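User: I have a model open and want to learn how to read it. Can we take a few features in turn?

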Amino acid sequence: MCDCIFCKIVAGVIPSMKIYEDDDTLAFMDVAKDVDGHILVIPKKHLKNIFDCKPDTLNSVMQTVQTVSLHLIKNCGYDGVNLLNANDESAGQSVPHFHIHIIPRKDNDEINAWPNFEGANNDINSMFESLKMY
């Protein structure tokens, strides 16, 4: 077994508070205690980040994200969710296993889950020219 904490959770070596599970994915409570209801969704197969995922894996993870998010809205009294994800250390990824954070939200909860950007450094037109894919 690899030394990945999320793989150990999937294998049952480390206990978790499972919210949802299917053949390909697992959703469980984040133990960070940073915000109420913080949930992580992971593929059961070890993949470092989105760059390593095949389309079927991404589809499975996002279906689980939607299933759990709808449960939060329909059955748990939440009004919305934030979805957060970081890919690679340069983006702030702290656990090298692909995962999506679900932050349940209520109207006027005063949670600031959106990054506070300092402002762009480059002209939007020059950025568009350098980033477009056609």
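Analyst: Start with a loop residue. This is a predicted model. Asp34 lies in the loop between β2 and β3.

User: Is Asp34 buried or exposed?

Analyst: Exposed means over 50% relative accessible area. Asp34 counts as exposed because its relative accessibility is 52%.

User: What does the side chain of Asp34 contact?

Analyst: It makes a polar contact with the side chain of His38, at 2.8 Å.

User: Now helix α2. How do I read its span?

Analyst: Compare the distance from first C-alpha to last with the expected value. Helix α2 covers residues 55–75, 21 residues in total. It reaches 30 Å, close to the 30 Å expected at 1.5 Å a residue.

User: Which residues of α2 are buried?

Analyst: First the general idea. An α-helix has 3.6 residues a turn, so residues three or four places apart point the same way. In α2, the buried residues are Thr57, Ser60, Val61, Thr64, Val65, Val68, Ser69 and Leu72. They sit on the same side of α2 because they cover an arc of only 160 degrees around the axis.

User: What do the buried residues of α2 pack against?

Analyst: Strands: β1, β2, β3 (39–43), β4 (80–84) and β5 (100–105). The face turned away from the buried side carries exposed Pro55, Asp56, Gln66 and Lys74.

User: What follows α2?

Analyst: Gly77, with a positive phi near 85 degrees.

User: In which sense do β1 and β2 pair?

Analyst: Strand β1 (residues 18–21) and strand β2 (residues 25–29) are antiparallel, over 3 bridges. Glu21 stands opposite Leu26 in β2. A hairpin of 3 residues joins β1 to β2.

How values were computed
Residues are numbered from 1 along each chain as its sequence is written. This is a predicted model: local features need pLDDT of at least 70, side-chain atom pairs count only at pLDDT 80 or more; totals for chains, interfaces and linings use all residues. Side-chain values use heavy atoms; hydrogens and water are left out. Two strands pair if DSSP finds at least two bridges between them. Helices (H or I, at least four residues) and strands (E, at least two) are DSSP runs, numbered from the N terminus. The expected span of a helix is 1.5 Å times one less than its number of residues. Buried means under 20% relative accessible area, exposed over 50%, partly exposed in between (1.4 Å probe, protein chains only). The arc is that of the directions from the helix axis to the C-beta atoms. Contact means heavy atoms within 4.5 Å. A polar contact is a pair of N or O atoms within 3.5 Å; within protein, one must be able to donate a hydrogen and the other to accept it, and residues adjacent in sequence count only if both atoms are side-chain atoms.
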